[in-house]
Each structure stands twice: as structure tokens, then as C-alpha cells.
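Let's take a walk through a protein model, one piece at a time. Keep the picture open while you read.

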Amino acid sequence: QVQLVESGGGLVQAGGSLRLSCVFSGRTFSTYTVGWFRQAPGKEREFVAAITWTGPSTYYADSVKGRFAISRDNSKNTVYLQMNSLKPEDTAFYYCAAKNGLSYYRMVLTADGYDYWGQGTQVTVSS
């Protein structure tokens, strides 16, 4: 059974940085595409970034392009989300998700494209 554990969230001032980690276990990590999603109170879950298992290719929401960077270390079964120039509107619960062999970009960008989810980590950006 695949398990995902996020860490690295916290409270940071606007303009600051955080690095989230998503540790994967239970299957062969190198064949899984991993995405980050976030959900703010009263809002729907939204796509943030993803990194595919092949290539790899990376995808970003327009709202985070140029500020966030996703990467993966297959030797550590971990995906990272480096978040720079944080804004108050980045405040949300951040989740990582995984899907074996996912590469079709339309599914990479949507929550429905993923089979496994972590418990999430809170990111709060103060103004």
C-alpha cells in the first residue's frame, strides 16, 4: 500500500520561503508521478505543481510559476516543493498525491488523476 507523508509546513512571513517534502513508501517510487495540491478554508482543492515519473516533466499552476519549484530524488523516495516569495494567498493545507505511470498532462493537473494522498501539511503566510 502506498503511503505519502508530507512535512515542512509552518508559519512564515510574506516574502519568505518554505520547502515541503513528500516521502513515498510502499511501491517503486520511480514509476509514480507526484503532484502537490492545496486547499484553503472555504475553497476547493487546487493544483499547485507536479512532476512526472518519466522525463521528468514539471507542471505549475499559473499562480505559483516563477516562485515554486518541484523536484524529486528517487534515491530518497521524496518529492520536494520549494516555495519562495510566499504570499498570504498561498496560505492553505498542502497535500501531495501520487499515481503510478501517470503522464497524460490533463490528468496530471487534476486531483482525479491521482490514487494516493497524504494527510497534508499546513502553510500559513502572514502579511
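**Strands, turns and a charged network**

Start with a hairpin: strands S4 and S5 have six residues between them, and in that turn Gly 42 shows a positive phi of about 80 degrees. Keep in mind that this is a predicted model. S4 covers residues 32-39, runs antiparallel to S5 and is joined to S5 by five bridges. If you want a spot to look at, find Val 34, which sits opposite Ile 51 of S5.

Now stay with S5, residues 46-51, where five of the six residues are buried. S5 also pairs with S6 (residues 58-60), again antiparallel, through three bridges. Here Ala 50 has Tyr 59 in S6 as its bridge partner. These two strands make a hairpin with six residues between them, and Gly 55 there has a positive phi near 115 degrees.

Next, the charges. Side chains of opposite charge can pair when their charged atoms come close. Glu 46 and Arg 38 do this in a salt bridge, at 2.6 Å from N to O. Glu 46 is partly exposed, with 35% relative accessible area, whereas Arg 38 is buried at 6%.

Arg 38 has another salt bridge, to Asp 90, with the closest N and O atoms 2.9 Å apart. Arg 38 lies in S4 and Asp 90 in the loop between S8 and S9, so the pair ties together parts 52 residues apart in sequence. Asp 90 also meets Arg 67 in a salt bridge, at 2.7 Å from N to O, and both of these residues are buried. Through shared partners, Arg 38, Glu 46, Arg 67 and Asp 90 end up in one network.

How values were computed
Residues are numbered from 1 along each chain as its sequence is written. This is a predicted model: local features need pLDDT of at least 70, side-chain atom pairs count only at pLDDT 80 or more; totals for chains, interfaces and linings use all residues. Side-chain values use heavy atoms; hydrogens and water are left out. Buried means under 20% relative accessible area, exposed over 50%, partly exposed in between (1.4 Å probe, protein chains only). Helices (H or I, at least four residues) and strands (E, at least two) are DSSP runs, numbered from the N terminus. Two strands pair if DSSP finds at least two bridges between them. A salt bridge is a side-chain nitrogen of Lys or Arg within 4 Å of a carboxyl oxygen of Asp or Glu.
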